[in-house]
Amino acid sequence: MKTRTAYKWMGGALIVLTLGFLACNKKPAGSEEILIGEYGAMTGSTATFGQSTHKGITMAIEELNATGGVLGKQIKILSEDDQGKPEEAQTVVTKLINKDRVSAILGEVASSNSLAAAPLCQQSRIPMVTPASTNPKVTQVGDYIFRICFIDPFQGKVMAKFAGNSLKVKKVAILRDIKSDYSMGLANFFKESFVANGGEIVADESYSAGDKDFNAQLTSIKSKNPEAVFVPGYYTEVGLIARQARKLGITGPLMGGDGWDSEKLWEIGGDALNGCFFSNHYSVDDPSPAIQNFVASFKKKYNGESPDAMSALGYDVAKVLVDAMRRANSDNPDSVRLALSKTSGYAGVTGAITLNESRDAVKPAVVLEVKDGKFAFKETVAP
Amino acid sequence: MSLKRWLYIPVILIVLGLLQWACSALLLDGPIRQGPYYYQILILAGINIILAVSLNLTNGVAGQFSIGHAGFFAVGAYVAACISVYGGPGIHSLLGFMPGDAQGAALLVLAMIGGVLAAALAGLVVGIPSLRLRGDYLAIVTLGFGEIIRVLILNIEAVGGARGFIGIPKLSNFFWVFGGVVAAILIIRNLTRSGYGRALLSIREDEIAAQAMGIPVTRYKVMAFVISAAFAGMAGALFGHFTMYLHTNSFTFVKSFEIIIMIALGGLGSLSGAVLGAIVITVLPELFREFSEYRMVIYSLALILIMIFRPQGLLGNASLLGRKRGGK
């Protein structure tokens, strides 16, 4: 009796799953469209990055399609969610390459997910361009992997330069997120560069993403009397760290990298963040007309929401890719790869993008100051 | 009798070999366009089956609620990856006389053995003190263990720390993963149907009564726990050598809960239920890709509906692989 029920359920479930798969097995889009795949975390803990990037990419593609697309065809973006998990990133990239047959792939923001999926793109010889993975290892996977952002060492150096030259501080403490390779990379290169310029690191403490209480680390930092604290983490923890640091009487500025860039930062940290600095890919307040046009059309499209760096990078990554297709005069992955590698001086909203021989972008960084919930443009630091 | 049983092994190996050949001919290099995508899902389903079946031994059969299975999965994955990454060149030069594929297979077997032993050892270390606890307390200890493992890995630079472990050779394939599935199912099925399994069932039903019957309760619980951990380690070894990249984001407590959902969905304690649950949990989110941003909402809704209409799990108490389970 029971066995029969079991068979019934097992059979039923398997039939449903098989039918589901067959139903999903739609015919591919015809050759009148150029397919570009995008993967990112639309859900999960880094979802704001995935969604911001997606907004930028969508806007870029809509603009391009409105002006006739590329190669006489319209462009279609196929976007897949990887929940911020490496194995999911592999699954969706396999799907995009084999099932949807995309010509190129855009993504991911988090370096760990890019590292998981990049070997698959390399193996299938499909160019992959990441908007914001800053870990140096990502493009080392192979010659089909590109990025349009600067790499961690550069951001660490920028902040070290800024601390030494503009803030004129000599004693700095570091509070790094030990769970994130991004944070570790920034902290290491900051330390190296700051010490080389004659500065002193008085304390080097760590936390783990997801922590809520930083009093132990901050008390230890306070006892060393640093003039500034370098906190290269993500906005969730940075907000809390700023609040707790001010409560403990640490008055010097906090500094960080592009992981700070989110409207949530101010919501969490509040006025504890006033007078803090971080490096970023671009600034909304940059007076250049290209940026102001971008900001205006983004706000118009997304109900007044102002574009963060991920959106700007998403916008640029789509445009750089399509520009390469135009120059290659083809959407053949190999020709696109070749054209991408020759990208030089492309005027994006995040600065002039030139790809070097290791397929990384060479471009300037901006330093922003947090002022009453706004990120004010402070200065541009050249590579 | 016993000879006939041993004959199963070559038969299973031949069938697996044929299926492996079919997979590479049809899915990977063959006519089916989305083949590699299906293959990817197939392999992940196989790995999830091993995880679910092994967790079912502690959570379902022995009734000890462990929520640290991802920890053992991680131990197996990282130890096995270390063996093939750091020991690989040495082993290859040692086995220079063999053809390339055989060298890879030998390396994978070594890595798997390492992963299984390390995970079993971790199971023993966690199991001995914590299985004296019951219910909620055991759950907390195992949850803590899983997190400790993850944070430890983050701090070991040799396995990539927070960047993730790159450069693991791609050695596992359909043959090895489903060989692992068959081994896990057969061994755990036979265990559950042995006197040892009946003792575990009695522990689940009533620990004090079991003790009164002369069953060394703690020892049996630890044994179940160690075996379960060992299989999770094997799943980890296969996983790492398939994805070629390991990152601790794959081994958070969310993964542990995912495995628990698999066995709860299939029917706690039912072996075939665990298999079905693992397949459903792997495939369902992929089916819902069509719904893009509502995917996870629909997926969660589907799980809730299944549990409302089928609270005992899809297969309930019944089992395809072991006739009726338990004494009743």
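The dialogue below takes these features in turn for this predicted model.

Q: At what angle do the axes of H2 and H8 of chain B cross?

A: Two packed helices are described by the angle between their axes and the distance between the axes. In chain B, helix H2 (residues 35-61) and helix H8 (residues 195-205) have axes that come within 9 Å and cross at roughly 45°. H2(B) and H8(B) are therefore oblique to each other.

Q: Which residues of H2(B) and H8(B) meet?

A: From H2(B), the residues are B:Leu57, B:Gly60 and B:Val61; from H8(B), they are B:Gly197, B:Leu200, B:Leu201 and B:Arg204. By class, this contact comprises four nonpolar, two polar and one charged residues.

Q: Is B:Ser66 buried or exposed?

A: B:Ser66 is in the loop between H2 and helix H3 (69-86) of chain B. Its relative accessible area is 1%, and buried means under 20%, so B:Ser66 is buried. Leaving aside residues up to four places away in sequence, B:Ser66 touches B:Leu55, B:Asn59, B:Thr142, B:Phe225 and B:Ile260.

Q: Which residues of the largest nonpolar core touch the most other members?

A: In soluble globular proteins, nonpolar side chains tend to be buried together. Here the largest nonpolar core has 102 residues, and those touching the most other members are B:Ile47, B:Ile50, B:Val53, B:Leu200, B:Leu246 and B:Phe251. Helix H10 (residues 217-243) of chain B gives the most to this core, with 16 residues. A second, separate core of 71 residues includes A:Leu265, A:Tyr282, A:Leu355 and A:Val370.

Q: What does B:Ile47 touch?

A: Not counting residues up to four places away in sequence, B:Ile47 touches B:Phe73, B:Val177, B:Ala235, B:Leu238 and B:Phe239.

Key
Residues are numbered from 1 along each chain as its sequence is written. Chains are lettered from A and ligands numbered from 1 in the order in which they are written. This is a predicted model: local features need pLDDT of at least 70, side-chain atom pairs count only at pLDDT 80 or more; totals for chains, interfaces and linings use all residues. Side-chain values use heavy atoms; hydrogens and water are left out. Axes are lines fitted to C-alpha atoms, for helices over the stretch in contact, and angles run from 0 to 180 degrees between N-to-C directions. Helices (H or I, at least four residues) and strands (E, at least two) are DSSP runs, numbered from the N terminus. Angles under 35 degrees count as roughly parallel, over 145 as roughly antiparallel, 65 to 115 as roughly perpendicular and the rest as oblique. Contact means heavy atoms within 4.5 Å. Ala, Val, Leu, Ile, Met, Phe, Trp, Tyr, Cys and Pro count as nonpolar, Asp, Glu, Lys and Arg as charged, and the others, Gly among them, as polar. Buried means under 20% relative accessible area, exposed over 50%, partly exposed in between (1.4 Å probe, protein chains only). A nonpolar core is a set of buried Ala, Val, Leu, Ile, Met, Phe, Trp, Tyr and Cys residues joined through side-chain atoms within 4.5 Å.
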